[in-house]
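Student: I have a model open and want to learn how to read its features. Can we take them one at a time?

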Amino acid sequence: MIDKSRAIELLRKYLRDDKIVKHCIAVEAIMRVLARRLGRDEDKWGIVGLLHDIDYDVTNRDLSSHGLKAMEILRNELPEELLRVIACHNESTGIEPETEEGKEMCIALRAADQMSGLIVATALVMPSRKISEIKLSTLRRKFKSKDFARGVKRDRILGIEKLGIPLEEFMQLSLEAMRGVAEELGL
Ligand SMILES: [Fe+2]
């Protein structure tokens, strides 16, 4: 298992767009709190969050290879099961993890990926443009508003309930997680 500094090194090597690096940092933070909540290994879940979009530039945003390319890039860096989790976050790869923890991670990653997008979009419409200003009630309202941040897949976020975490709690945990890295995100 690689450590965080190696993961960051890989991100810098493969991702040119700083926006995606920030997105990866946000997803890492959410994956860590979810691991803690579920009694799983925080570092492992964090690394998966951090690296999940490493092939974003390489695949030129082509959904048919997103995730599969990441498996190739990370082949010598992560165990097979974690590669499967990363590929699984893009449903169209058809790749599924084999272990119970891997399946949990995949659901969490899909949810964290979308939740981070919802929180960033919400922060950007706050007067201060800061995550610290977002109240749980605001986030709940933005989640329900279909016209807001239309690209955010609400069903993936709701998937978290399969892990026994209610939506409200997931929102709260994610807000706290992203507040912890707000400076890095510039939000
Ligand atoms: Fe992502």
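This is a predicted model: local features need pLDDT of at least 70, side-chain atom pairs count only at pLDDT 80 or more; totals for chains, interfaces and linings use all residues.

Student: How much space lies in the largest pocket?

Tutor: The general idea comes first. Rolling a probe the size of a water molecule over the atoms shows where empty space is left. Here, the largest pocket has about 880 Å³ of space. It is lined by 28 residues, and Ile20, His23, Asp53, Tyr56 and Asp113 are the closest to its centre.

Student: Which elements give two or more residues to the lining?

Tutor: Those are α2 (18-38) and α6. The most comes from α6, which gives seven residues.

Student: Now the rings. How many aromatic pairs does a search of the whole structure find?

Tutor: A pair of aromatic rings is described by the distance of the centres and the angle of the planes. In this structure the search finds zero such pairs.

Student: What lies over the face of phenylalanine 148?

Tutor: Lysine 142 does, at 4.6 Å from the ring centre.

Student: Next, backbone angles. Which residue other than glycine has a phi near 55°?

Tutor: Arginine 129, and the value is positive. Arginine 129 sits in the loop between α6 (100-124) and α7 (136-144). It is partly exposed, with a relative accessible area of 48%.

Student: Where is alanine 149 found?

Tutor: In the loop between α7 and α8 (154-158). Alanine 149 is not a glycine, yet its phi is positive, about 40°. Its relative accessible area is 22%, so alanine 149 counts as partly exposed.

Terms used: Residues are numbered from 1 along each chain as its sequence is written. Side-chain values use heavy atoms; hydrogens and water are left out. Rings of Phe, Tyr and Trp (its six-membered ring) pair if their centres lie within 6.5 Å; planes under 30 degrees apart count as stacked, over 60 as edge-to-face and the rest as tilted. A charge sits over a ring if NZ of Lys or CZ of Arg is within 6 Å of the ring centre and within 35 degrees of the ring normal. Helices (H or I, at least four residues) and strands (E, at least two) are DSSP runs, numbered from the N terminus. Buried means under 20% relative accessible area, exposed over 50%, partly exposed in between (1.4 Å probe, protein chains only). On a 1 Å grid over the protein atoms alone, a cavity is a set of points where a 1.4 Å probe fits but cannot get out, and a pocket is an open set with protein on both sides within 12 Å along at least five of seven lines; lining residues have an atom within 4 Å of a point. Grid points are joined across faces, edges and corners, and a volume is the space filled by probe spheres set on the points.
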